[in-house]
Amino acid sequence: MIDLLVAGGGPAGLATAIHGALAGLRVVVVEPRPAPVDKACGEGLMPTGVAALARLGITPAGRPLAGIRYLDARHAVQARFREGSGLGVRRTTLHAALYERALALGVEHRVGRVTDVRQDAHGVTAAGLSAHWLVAADGLHSPIRAALGPAVPDRRARRYGLRRHFEVAPWTDFVEVHWSPRGEAYVTPVGPDLVGVAVLGPRGRSYDDHLAAFPALRDRLAGAAAGEVRGAGPLRRRVRTRVAGRVLLVGDAAGYTDALTGEGVALALASARALVAALVAGSPERYESDWRRLSRRHRLLTESLLTARSHPHTARLIVPAAHRLPRVFGTIVNALA
């Protein structure tokens with residue numbers, strides 16, 4: 001019988017599968033898309049994410065990141081990472097590295113999609129397979145999460161993300177976060193002649209419309225667009241619990257605040273490790289408290305920043321305040337890193 005059935009073969013699902021295989025479990029991943037899978041992503045890994053990949057035996061190719069820089073029309077402030085470098089890495093490169101590592105460890109992959117889930121005290125049946133445990137790693141719009149219960153109401157304005165690559169030589173080894181009254185643009189070096197630019201803001205505007213809010217950045221990137229625009233959203237997902245019987249949620253399916261502070265991949269990697277550790281210890285319920293502990297700092301800081309961003313008066317003060325208080329900004333960046 002399968003020990004761990006993973007629905008979704010993105011970074012969160014593959015990291016869970018790898019941790020399971022390293023713990024001696026029989027793991028099967030069910031994913032409808034061929035590897036490597038691309039999606040809208042800022043493509044910047046915090047130092048904790050880089051360290052988490054190293055523990056899995058994975059060192060993907062990319063561009064070392066020295067820290068985070070905030071900019072608006074008049075101010076700029078930057079903070080260096082104190083505990084190692086981050087990494088700018090193409091989403092497809094990261095996914096391929098995780099996929100190959102999972103294969104090398106004997107993780108089985110099945111082409112398909114998990115929809116109908118049945119569980120009892122002894123196991124779970126889904127996608128024609130039976131397992132002791134099912135991990136839902138099926139993303140922001142997780143059908144498995146939706147089937148477990150009603151969504152948690154949320155009145156906050158919905159934000160969306162769009163990403164595109166540009167064939168230009170990176171001009172910095174920092175992730176640049178450009179601020180405007182209408183949203184943010186994240187510039188991440190991912191190759192010797194390639195940067196990824198992700199924009200965040202309300203729905204209903206094209207990528208070019210978003211980028212127009214940052215004229216200096218738009219002009220720097222003029223004529224260098226490469227590849228298609230990818231989008232994701234709405235970003236915010238509130239989840240009551242990450243453990244429902246023999247079904248556990250990980251990655252974006254487990255709940256998401258916003259891409260504003262780059263929480264996604266690093267938190268998914270840490271959560272995958274905690275999930276498997278809880279199962280191996282025979283205490284699956286422990287995963288819920290572990291997830292809350294692991295994500296608490298990110299959730300608190302991201303929620304605070306989003307609250308400030310949602311009010312025009314405070315939104316325009318974010319970068320000037322960071323500029324005036326660089327040590328505080330550095331402390332916040334490294335708390336997230």
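The dialogue below goes through several features of this predicted model, one after another.

Q: At what angle do helix α1 and helix α7 pack?
A: Two packed helices are described by the angle between their axes and the distance between the axes. Here helix α1 (residues 11-22) and helix α7 (residues 264-280) pack at an angle of about 35°, and their axes are 8 Å apart. Helices (H or I, at least four residues) and strands (E, at least two) are DSSP runs, numbered from the N terminus, and axes are lines fitted to C-alpha atoms, for helices over the stretch in contact, with angles running from 0 to 180 degrees between N-to-C directions.

Q: Which residues of α1 and α7 meet?
A: Contact means heavy atoms within 4.5 Å. On the α1 side the residues are Ala 12, Ala 15, Thr 16, His 19 and Gly 20, and they meet Ala 268, Leu 269, Ala 272, Arg 273, Leu 275 and Val 276 in α7. The residues of this contact of α1 with α7 divide into seven nonpolar, three polar and one charged, where Ala, Val, Leu, Ile, Met, Phe, Trp, Tyr, Cys and Pro count as nonpolar, Asp, Glu, Lys and Arg as charged, and the others, Gly among them, as polar.

Q: What is the order of strands in the open sheet of seven strands?
A: Two strands pair if DSSP finds at least two bridges between them. The order in this sheet is β6-β5-β13-β14-β15-β12-β16, with mixed pairing. β6 (76-80) and β16 (225-232) each have a single partner strand, so one side of each is left without a neighbour in the sheet. From one strand to the next the twist averages 15°. Within the sheet, strand β14 (residues 183-191) and strand β15 (residues 194-201) run antiparallel and are joined by seven bridges, and Thr 188 stands opposite Gly 196 in β15. Helix α8 lies across β5 (67-71), β13 and β14, and runs at about 30° to β13.

Q: Which residues line the largest cavity?
A: On a 1 Å grid over the protein atoms alone, a cavity is a set of points where a 1.4 Å probe fits but cannot get out, and lining residues have an atom within 4 Å of a point. The largest cavity is lined by Gly 251, Asp 252, Gly 255, Tyr 256, Glu 263, Gly 264, Leu 267, Ala 268, Ser 271 and Trp 291. Helix α7 gives the most to this lining, with four residues, and the lining of the largest cavity divides into four nonpolar, four polar and two charged residues.

Q: Where are the backbone features at Pro 36, Pro 234 and Glu 43?
A: Most residues other than glycine have a negative phi, and most peptide bonds are trans. The peptide bond from Ala 35 to Pro 36 is cis, with omega near 0°, and Pro 36 is placed in the loop between β2 (27-31) and β3. Glu 43 lies in the loop between β2 and β3, and the phi of Glu 43 is near 65°, a positive value in a residue other than glycine. A cis peptide bond also joins Gly 233 and Pro 234, with omega about -5°, and Pro 234 is in the loop between β16 and β17 (243-244).

Terms used
Residues numbered from 1 in each chain as written. Predicted model: local features only at pLDDT ≥ 70, side-chain atom pairs only at ≥ 80, totals over all residues. Heavy atoms only, no water. 1 Å grid on protein atoms, 1.4 Å probe; cavity = no way out; pocket = protein on both sides within 12 Å on 5 of 7 lines; lining within 4 Å.
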